[in-house]
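Have a look at the model below, with the sequence alongside. The notes after it walk through a helix, a core and a sheet.

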Amino acid sequence: PDRLWQRKLREQFPIVTAHPESAYLDSAATSQKPQAVLDAVHAYLTTTNANAGRGTYPWANRTTRLVEETRERVKEFLGDPEPGRSTVHFTSGTSEGLRTVARDWLVPYLRDGDEILVPFADHRANLDPWLEARRLLAERGVGIQVRALPHQAVSGDYDHRALGGLVGPRTRFVAATHVHHVYGGDMNVHRIREAVGPDVPICLDAAQSVGHLPVDLADPALDVDFVVFSGHKAMALPGTGAVWARNARGPGFRPAGWRGTPNTVGIVSLGAALDWLDEAGADRIARWTDGLTTRLTDRLRHLDPYEILGCPTSLAADSALPAAQRRHGIVTFRHRDIPSDDLGFILYSHGFMVRADSLCQAGADDEKGSVRVSLHVYNTVEEIDRLLAVLTSLA
Ligand code: PMP
């Protein structure tokens, strides 16, 4: 039944069905778009297009309404338990979202001597803004400590035990990642909450989880204060993303400054994308991509020249692990003898579009020389088997 379900969904991606000889395996960079999103964009641009919030005529009013409805849609999609209190701010993606939280919320919130904990081995987008905040504060004579969230050397997960020792009375903020963009692992943010206690705001980079796994803010295990994600990785148009802010700890989130014209068509595409994802079902999407991921890793880990980066916390095959410990749709590996660029070209000559070499990981040399395969619901068992056949032939 899952295969039938998946085939129906895959058929809704025109770019995917137009290239049956190719396989798009770079969804962690950006996702492909289903027909429903393309239709919503076309309908908006051919019936309604206007600027938001400044018209006295129906197209402008309708545009304003669509933007506001999408804001509420984001809250609903994330399972926001208190939508009357929270804020949704639209951005061009996760990078701009994290920068906005840093500049407009964190900088005014911190005081001299405060400490923050941020990831030094996740995506750069989740490090640079916090370092920039420290610089801006220093210019104003406010000194803060930026500490690195400790990682476990092998699994890539945070070292939650070591974390306890880093938390003190001046710890005022933590930035974390939901699903790691190189290792694909769930970073177990509930354990960060346990370590820092109930009062410290946590900002979650959810670029690799929204649209892939259930992200449910009503779940006590996801007691975070910001969720930042990229719409374009979740079926919406390029140049889309959002910041959700709970506004329960610290000052409320009010992005500063003159914001100009919003990306109205992008916001419309995001609304349509979230509708589409809800209809497909996050649970089911996760089950599908987790299945493909374990099919790939269970075989690849036995192919001698390949090393898979970051590994589950036990030495068991991914398929034997509980879902929370598996890789979610992202597998990064290297070949002992073939440089990553070459491996990328070889794979492309067989129709596989993967990410080679630079994965924008902060600090770490880990990713160097590696190739990343990342999946979404349009990918198939056949694609994984074809990929494994090519990888085996290179072993
Ligand atoms: N954080 C993570 C974990 C990511 O995977 C990415 C995208 N590669 C980003 C942030 C940056 O997202 P965007 O390109 O939408 O700004």
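## Helix H4 and what covers it

The buried residues of H4 are Thr63, Leu66, Thr70, Arg71, Arg73, Val74, Lys75 and Phe77. "Buried" here needs 20 or more other C-beta atoms within 10 Å of a residue's own (exposed is 12 or fewer, partly exposed in between; C-beta atoms are placed from the backbone). Helices (H or I, at least four residues) and strands (E, at least two) are DSSP runs, numbered from the N terminus. This is a predicted model, where local features need pLDDT of at least 70 and side-chain atom pairs count only at pLDDT 80 or more, while totals for chains, interfaces and linings use all residues. Residues are numbered from 1 along each chain as its sequence is written.

The cover over those buried H4 residues includes strand S2 (87–91), strand S8 (241–245) and H9. As for length, the 20 residues of H4 (residues 58–77) should span 28 Å at 1.5 Å a residue, and the end C-alpha atoms are 27 Å apart, which agrees; the expected span is 1.5 Å times one less than the number of residues. Just after H4, glycine 79 takes a positive phi of about 70°.

## Arginine 73

Why does arginine 73 count as buried? Because arginine 73 has 20 C-beta neighbours inside 10 Å. This residue sits in helix H4 and, leaving out residues up to four places away in sequence, touches Gly271 and Leu274. Contact means C-beta atoms, placed from the backbone, within 7 Å. Arginine 73 and tyrosine 306 are 233 residues apart in sequence, and their C-alpha atoms are 43 Å apart in space.

## The largest nonpolar core

The largest nonpolar core has 102 residues, and Leu204, Phe226, Val227, Val228 and Ala273 touch the most other members. A core is a set of buried Ala, Val, Leu, Ile, Met, Phe, Trp, Tyr and Cys residues joined through C-beta atoms within 7 Å. Helix H9 (residues 264–280) gives the largest share of this core, ten residues.

Phenylalanine 226, setting aside neighbours within four places in sequence, contacts Val101, Cys203, Leu204, Val243, Trp244 and Ala245.

## An open sheet

Four strands make an open sheet in the order S9-S10-S13-S12, with antiparallel pairing. Strands pair if DSSP finds at least two bridges between them. At the edges are S9 (306–308) and S12 (355–356), each pairing on one side only.

Two bridges join S12 to S13 (residues 371–374), and alanine 356 stands opposite valine 371 in S13.

Conventions
Contact = placed C-beta atoms within 7 Å.
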